[in-house]
Amino acid sequence: MSIWWSLHLRREAASVPLARRLLIGTMETAGVDPDVSFDLSVALSEACANAVEHGGGTALGGCSEAYRVTAYLDGEKCRIEVADAGPGFIRMQDVRPARTDAEHGRGLCLIRELADHVHIGAKPGRGGTVVSFDKILKWKKDPSLLTA
């Protein structure tokens, strides 16, 4: 089975749970194991929160700039990409774990722990950051898509 979707979202806090719920619903319908779905939804929430907080300035008219979320469920793997228009990011190997009592700075480390592969880079030819991460999928024994 192959499923993909892409969203353009405003850089507003309310967009984060929207993306998370869409991902969870997609994976539940496809029959992905709930533990894998939870891990990916937390990683997606962290990537979206970073895009909202660091992904660019306020556009004319007081409207926030948008960011993009794309999810691919293809065969045995899920890949998620979150792209923003911010100032860019340092290399992934430069990310250091935040203190355990820190309120900020743990998102990228958490994504790295929850996903099998993480890549952070610049959007080709433009400013901004693309955070992409993959995870091998596990399946429920009785997926709802197959029993519907």
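**Close-up views of a predicted model**

**View 1. The open sheet.** Five strands make an open sheet, ordered β1-β2-β3-β5-β4, with antiparallel pairing. β1 (2-10) and β4 (117-122) stand at the edges, each with a single partner strand, so one side of each lacks a neighbour in the sheet. From one strand to the next, the twist averages 10°. Strands (E, at least two residues) and helices (H or I, at least four) are DSSP runs, numbered from the N terminus. Two strands pair if DSSP finds at least two bridges between them. This is a predicted model: local features need pLDDT of at least 70, side-chain atom pairs count only at pLDDT 80 or more, and totals for chains, interfaces and linings use all residues. Residues are numbered from 1 along each chain as its sequence is written, and side-chain values use heavy atoms, with hydrogens and water left out.

**View 2. Strands β2 and β3, with helix α2.** β2 (residues 66-74) and β3 (residues 77-83) run antiparallel and are joined by seven bridges. Leu 73 stands opposite Cys 78 in β3. Helix α2 (residues 34-54) packs on the sheet and touches β2, β3 and β5 (129-136). The direction of α2 makes about 175° with that of β5. Contact means heavy atoms within 4.5 Å. Axes are lines fitted to C-alpha atoms, for helices over the stretch in contact; angles run from 0 to 180 degrees between N-to-C directions.

**View 3. Ser 45 in α2.** Ser 45 lies in helix α2. Its relative accessibility is 12%, so Ser 45 counts as buried (under 20% relative accessible area; exposed is over 50%, partly exposed in between; 1.4 Å probe, protein chains only). Leaving aside residues up to four places away in sequence, Ser 45 touches Val 16 and Arg 20.

**View 4. Helix α3 against α2.** α2 and α3 pack at about 155°, with their axes 9 Å apart. That makes the two helices roughly antiparallel (angles over 145 degrees; under 35 is roughly parallel, 65 to 115 roughly perpendicular, the rest oblique). In α2, Asp 39, Val 42, Ala 43, Glu 46, Ala 47 and Asn 50 meet Gly 107, Leu 108, Leu 110, Ile 111 and Leu 114 in α3. The buried residues of α3 (residues 107-114) are Gly 107, Leu 108, Cys 109, Ile 111 and Leu 114. They pack against α2, β4 and β5.

**View 5. Confidence along the chain.** Mean pLDDT (the predictor's confidence in each residue, from 0 to 100) is 84 for the chain, and 76% of residues reach 70 or more. Over residues 58-63 the pLDDT is below 50. Beyond near neighbours in sequence, that stretch has three contacts in the model.
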